[in-house]
Amino acid sequence: HEEFKLNSFDDKLSLINAIQGIKYISGGTNTGEALKFVGSHIFQPSSGDRIHARNILVVITDGRSNDHAATIAQANNLKHNNILIIAVGIGSGISKSELAGIASRPSHVLHVEDFNALSHIYDSIHSIACLSGETFLNYINLN
């Protein structure tokens, strides 16, 4: 489900507060449906998507999807629509091959031992996103 639209906030502090206010919802790991939802509802102009901005999705999971094939298919659909995907696995219940299939590149797969360790990979996520954004801008400028 959608917590908020991409254009819901005008300043960084409001966005950070909104992100920190998101409540964890337990349940199944329907990653394929989540990726499908992102493509059809989130990365859309009606939800605040900007045409000339690089779309970057960070998938964070602590498990394996209910349907591996559907998850990989939906990730591939997003990648074909120029959405960069960074896959983050948390804990020991993850599937490394599934994370590799979700991520845009092998170097875009990250792993931490627990949720508290997410803060330790912020710089890695930031570096991947920024370097990929520069590559995307160079591609636009060349075409």
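Predicted model: local features only at pLDDT ≥ 70, side-chain atom pairs only at ≥ 80, totals over all residues.
"Buried" here means under 20% relative accessible area, while exposed means over 50% and partly exposed lies in between (1.4 Å probe, protein chains only).

Residues are numbered from 1 along each chain as its sequence is written, and side-chain values use heavy atoms, with hydrogens and water left out.

Now zoom out. The chain has five helices and three strands, and along the sequence they follow the pattern α-α-β-α-β-α-β-α. Helices (H or I, at least four residues) and strands (E, at least two) are DSSP runs, numbered from the N terminus. For 143 residues, a compact globule would have a radius of gyration near 15 Å, and the chain agrees because it has 15 Å. That radius is taken over C-alpha atoms, and the globule rule is 2.2 Å times the number of residues to the power 0.38. Along its principal axes, the C-alpha trace spans about 40 × 30 × 30 Å. Of the 143 residues, 34% are buried. Among contacts (heavy atoms within 4.5 Å) with a separation of 6 or more, 65% link residues 24 or more positions apart.

So what sits inside? The largest nonpolar core has 16 residues, and L35, L57, V59, L78, I83, I85 and I102 touch the most other members. Two or more residues each come from α2, β1, α3, β2 (83–90) and α4. A nonpolar core is a set of buried Ala, Val, Leu, Ile, Met, Phe, Trp, Tyr and Cys residues joined through side-chain atoms within 4.5 Å. Take L78: leaving aside residues up to four places away in sequence, L78 touches L35, G39, L57, I83 and I85. There is also a second, separate core of nine residues, including V88, L110, A117 and I121.

Y24 lies in the loop between α1 (12–20) and α2 (31–42), and Y24 counts as exposed because its relative accessibility is 61%. N82 is in the loop between α3 and β2. Although N82 is not a glycine, it has a positive phi of about 60 degrees. N82 counts as partly exposed, at 48% relative accessibility.

Finally, look for charge pairs. Side chains of opposite charge can pair when their charged atoms come close. A salt bridge is a side-chain nitrogen of Lys or Arg within 4 Å of a carboxyl oxygen of Asp or Glu, and by this rule the count is one. K5 pairs with E2, their closest N and O atoms being 3.3 Å apart. K5 is partly exposed at 34% relative accessibility, and E2 is partly exposed with a relative accessible area of 30%.
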